[in-house]
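Thanks for making time this morning.

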Amino acid sequence: MVKASIDEDDDYIDIDDTGPEGLKGADGGYAWEEEYKRSWDVIQEDASGSIQSSVSGLSELQRKRRRRQRDTAVVQRGIMRHVTLVIDQSEAMGVRDMPPTRMHAAMGIAEQFVAEFFDQNPISQLSVIGTRDGLAEKVTELSSNPMDHVGALRNRAQRDLAGEPSLQNALELAMHGLRRAPTHGLREIICVLGSLTTCDPGDIEQTLQALCHSEVRVSMVHLAAEVHICKRICKLTGGIFAVAVDSDNLKDALFELIPPPPLTSGHATADMVRMGFPIKARATEVPTPCVCHHELSFSGYLCPRCGSKICSLPTDCDVCGLSLVSAPHLARSYHHLFPEENFIELSNTILSHTCFGCGVEWNNSTTNSDIKSTNQKSVPVALPSKYQCPRCKQLFCLECDIFIHDTLHNCPGC
């Protein structure tokens, strides 16, 4: 009988023979079960077998949580913003942890972000930059036309992902494009990154110093993990850093950057800004060229200073440099400076009332019998919430409260 000996230098497999108990975690479950959140345990059926009450209750809790986080403080904010959106297009964006891929999820949410950004900031400007293969490429120039940016993002989503991103090149290119922005406007950079590495040609600390010197605010949303250099850049420039775990979290993180940030002490000074209110050009039988796209068109607007023709508002005249806006755009920008106060949430003691906004009547007379028993578990049915304006004392439902504060920005009762 030959006894085989194992040399210490030889490779061998160390088998854990502790049994199934060694695979369990601290909570008693197996390791492959800890990745999943058993959200289906929260959903309970009512007496009729429907889960509508549980689903509506969870949805209402989420909307209430967003409502409590709403910032209604009256502070000085900059309503003229110049923002550059940087999107990572490296191989890391092809990971499928956000279906179908990080790239498609980020591009779809970026389109929604652009549309909502110009709806809330009509006199601001935006540009888009993409980075891959260690390079940064400008996709669109600074402009106030959301259709140009949305079309460019859709075309960009069809391109192949390659290499690694270059955070330094992207920040340098964005900072170079923001240098021509006027001093009375805010300069911001918003980055959506998915790679844990960056291929930079130089020292990124010098870029960070240049960003602080130019007073450029950098905010980043990472799709993988918290990266030290990204968080440090956001902290030193006064921006926000967030890590998105899924598509909904990515959308929430980006949409938090839509309201203009409060002004710092350096920007808090009041400056007079010269603006022009152009008149609509008369439709002619012969098309005339515009100065913004150098294309022939039948309609447009005429600059009140030099008479040049432009396609859309708001924008800056390419001939004389005058800021051109319309009166509705300027009026819509002021709701950030004077936000609507949060409504007061009332208890469900009022038996019946009608919402002043939508006219829907709710009835709480069956409050005591709204508890159903299912599988020996008591499942309370979600009751409608009531919110009262502190000034006019009118009552509103939760949907009207969210619509008034997020879209209308004015109380219809006042």
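Is T101 buried or exposed? Please keep in mind that what you see is a predicted model. With a relative accessible area of 10%, T101 falls under the 20% cut-off and therefore counts as buried. T101 sits in the loop between β1 (81-88) and α2 (102-120), and its side chain makes a polar contact of 2.8 Å with the side chain of H104.

Let me turn to the salt bridges, of which the count is 12. One of them joins the side chains of R81 and E188, at 2.7 Å from N to O. Because R81 belongs to strand β1 and E188 to strand β4 (residues 186-193), this pair ties together parts that are 107 residues apart in sequence. Both R81 and E188 are buried, and together with R217 they are linked in a network of salt bridges.

A further salt bridge, at 2.6 Å from N to O, brings together the side chains of R232 and E205. Here R232 lies in helix α6 (residues 228-237) and E205 in helix α5 (residues 204-213), so the parts tied together are 27 residues apart in sequence. R232 is partly exposed, with a relative accessible area of 32%, and E205 is partly exposed as well, at 28%.

Finally, on the surface, D246, D248, D252 and E256 gather in a patch of negative charge. E256 is placed in the loop between α7 (247-255) and β7 (275-276), and E256 counts as exposed because its relative accessible area is 54%, over the 50% cut-off.

Conventions: Residues are numbered from 1 along each chain as its sequence is written. This is a predicted model: local features need pLDDT of at least 70, side-chain atom pairs count only at pLDDT 80 or more; totals for chains, interfaces and linings use all residues. Side-chain values use heavy atoms; hydrogens and water are left out. Patches are made of residues with over 30% relative accessible area and no salt bridge: like charges are joined within 9 Å, nonpolar side chains (Val, Leu, Ile, Met, Phe, Trp, Tyr) within 5 Å. Accessible areas come from the Shrake-Rupley method with a 1.4 Å probe; for residues, only the protein chains shown count as cover. A salt bridge is a side-chain nitrogen of Lys or Arg within 4 Å of a carboxyl oxygen of Asp or Glu. Lys and Arg count as positive and Asp and Glu as negative; His and the chain ends are not counted. The place of a charge is taken as NZ of Lys, CZ of Arg, CG of Asp or CD of Glu. Helices (H or I, at least four residues) and strands (E, at least two) are DSSP runs, numbered from the N terminus. Buried means under 20% relative accessible area, exposed over 50%, partly exposed in between (1.4 Å probe, protein chains only). A polar contact is a pair of N or O atoms within 3.5 Å; within protein, one must be able to donate a hydrogen and the other to accept it, and residues adjacent in sequence count only if both atoms are side-chain atoms.
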